[in-house]
Amino acid sequence: MGLKEILKGKLSEEELKILPRSFDIIGSREKAVAIIEIPEELKGKEKIIAEGIMKLNKNVKSVLKKASERKGVERLREYELLAGDENTEVIHKEYNYLLKLDPKKVYFSPREATERQRIANKVKDNEKVLVMFSGVAPFCIAIAKKRNVKVYGVEINEEAHRYAKINAGMNGLSDKIVLIKGDVREVCPKIKEKFDRIIMPLPFGSENFLDVAFKCIKKGGKIHFYTLGSEENLYSEGIKIIEREAKKLKKKIKILEKRKVLPYAPRKYKVCIDFMVL
Ligand SMILES: C[S@@+](CC[C@H](N)C(=O)[O-])C[C@H]1O[C@@H](n2cnc3c(N)ncnc32)[C@H](O)[C@@H]1O
C-alpha cells in the first residue's frame with residue numbers, strides 16, 4: 001500500500017494528485033526520520049500526511065517538513081516537525097556501514113549513497129585520500145570500509161565533525177580515518193601529506209577551493225570535483241572552471257570522467273567531474 005491509498009478519504013482527489021511522490025527516509029528499521037517537501041496547496045493537511053507516512057512506515061518516528069532551502073557555509077536548512085518525536089538523531093544504514101546523525105544539525109543526503117560507492121570503487125589500496133567538506137564522514141567511511149587506505153576528512157561544522165568521529169569509531173575505522181575540524185582553506189595546506197585522490201563534495205562553492213586542491217594533490221593524483229550544471233550544458237561550465245584554475249596555477253590536467261549525480265533544481269543537476277593532475 002502507498003501513501004495515496006492510506007490518505008484516500010482524508011484528502012480530496014485533487015489533493016491526492018499533488019501529493020509528493022517520494023520523500024527521504026533517514027535511519028534504520030528501529031528508528032527513522034522522514035523528510036518531506038509539501039506544496040503550498042496542501043497547507044492545512046500536513047499533519048494528516050505526516051501521520052499517513054508514519055502509519056505506512058512503522059520505523060518512522062518523526063516527520064520533518066523542509067521549511068527552507070539549504071543555506072550558509074554549513075549547508076543546513078530549517079525543518080518543521082509535523083508529527084512524532086522531537087529527537088531526530090538516527091543511525092542510518094547505508095551499504096555495509098552505519099552513520100549516526102541528526103538531519104536538523106548536519107548535511108546528509110541518503111540519495112548520494114551510490115555516488116559514494118562509485119568513488120570508493122575507484123580507490124586503490126595504499127592511496128592517501130583527502131575528503132574536503134567531509135560532513136558526518138560518509139565518503140571517508142565508504143572508502144575506508146572498502147580499501148586499505150588512510151583517509152583524511154576536513155569539516156567546518158562542529159556537530160558534523162562530532163558525528164564523524166562517532167561514525168569512524170562505530171564502524172571500527174578510527175585507525176584509517178583522520179578527522180580534522182576546520183576550514184579546508186586553512187587546514188589542508190598545513191597537512192604534511194600530499195594526496196593521491198581528493199574528493200570535493202561541495203557543489204555550491206567547491207570552485208573556490210580548487211587552488212587548495214591543486215596544492216595538496218600529488219602529480220598524477222585524481223580530483224573528484226562536484227559542481228552544478230544546467231540541463232543543456234551539464235559539464236561545460238565546470239570544465240571551464242577547472243581549466244581556468246589549472247592555467248592560473250600552471251598545472252596540466254586531463255578530464256577522466258563526467259557524471260550526472262542527482263537533480264538539484266528544475267533543469268539543474270549536481271554533477272561530478274573527475275580529472276587527473278599531470
Ligand atoms: C554538501 S555538504 C557534504 C557533506 C558530506 N561530504 C556528505 O557527502 O554528506 C558540504 C559540507 O561542507 C562543509 N563545509 C562548507 N565549507 C567548508 C569549509 N570551508 N571547510 C570545511 N568544511 C566546509 C559544510 O559544513 C557541509 O557539512
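Predicted model: local features only at pLDDT ≥ 70, side-chain atom pairs only at ≥ 80, totals over all residues.
Reader: What puts the buried residues of α9 on the same side?

Author: Start with who they are: G238, I239, I241, I242, E245 and A246. They cover an arc of only 160° around the axis, and that puts them on the same side of α9. As a rule, residues three or four places apart in an α-helix point the same way, because there are 3.6 residues a turn.

Reader: And which exposed residues does the face of α9 turned away from its buried side carry?

Author: That face has R244, K247 and K248. They count as exposed because each has over 50% relative accessible area.

Reader: What covers the buried residues of α9?

Author: The cover includes α8 (210-216), β11 (217-230), β12 (253-265) and β13 (268-277). The helix α9 lies across β11, β12 and β13, and it runs at about 140° to β12.

Reader: What makes β9 and β12 edge strands?

Author: Here's the sheet they belong to: seven strands, open, with mixed pairing, in the order β9-β8-β7-β10-β11-β13-β12. β9 (177-181) and β12 each pair on one side only, and that makes them the edge strands. Neighbouring strands here are turned against each other by 15° on average, direction ignored.

Reader: How do you know that β10 and β11 pair, and in which sense?

Author: Two strands pair if there are at least two bridges between them, and β10 (residues 195-200) and β11 have five, so they pass. The sense is parallel. One place to look is M200, which stands opposite F225 in β11. Helix α5 (residues 138-146) lies across β7 (128-132), β8 (150-155), β9, β10 and β11, and it runs at about 175° to β8.

Reader: Why is H224 called buried?

Author: H224 lies in strand β11. Its relative accessible area is 1%, and buried means under 20%, so H224 is buried.

Reader: Which side chains make polar contacts with the side chain of H224?

Author: R197 is one, at 2.9 Å, and D274 is another, at 2.8 Å. Both values fall within the 3.5 Å limit, so both count as polar contacts. Leaving out residues up to four places away in sequence, H224 touches I119, K122, R197, I198, I199, M200, C272, I273 and D274.

Reader: What makes the buried residues of α6 line one face of the helix?

Author: The buried residues are A160, H161, Y163, A164, N167 and A168. Seen down the axis of α6, they fall within an arc of 165°, so they line one face. Their cover includes β6 (97-101), α5, β8 and β9.

Reader: And what is there at the start of α6?

Author: A side-chain oxygen of N157 comes to within 2.8 Å of the backbone nitrogen of E159. After the helix comes G172, with a positive phi near 65°.

Reader: Why do β1 and β4 stand at the edges of their sheet?

Author: This open sheet has four strands in the order β1-β2-β3-β4, with mixed pairing. β1 (24-27) and β4 (79-84) each have a single partner strand, so one side of each is left without a neighbour in the sheet. From one strand to the next, the twist averages 25°.

Reader: Why is β2 largely enclosed by the rest of the structure?

Author: Five of the five residues of β2 are buried, so the strand is largely enclosed. A32, A34 and I36 lie on one side and V33 and I35 on the other, and they are all buried.

Reader: In which sense do β1 and β2 pair?

Author: In the antiparallel sense, over four bridges. They form a hairpin, with four residues between them, and G27 stands opposite A32 in β2. β2 (residues 32-36) and β3 (residues 60-66), though, pair in the parallel sense over five bridges. There V33 stands opposite S62 in β3, and A32 opposite V60.

Technical notes. Residues numbered from 1 in each chain as written. Heavy atoms only, no water. Buried < 20%, exposed > 50% of the residue type's maximum accessible area, 1.4 Å probe, protein only. Arc of directions from axis to C-beta. Contact = heavy atoms within 4.5 Å. Axes fitted to C-alpha atoms, helices over the stretch in contact; angles between N-to-C directions. Polar contact = N/O pair within 3.5 Å; in protein donor to acceptor, adjacent residues only side chain to side chain.
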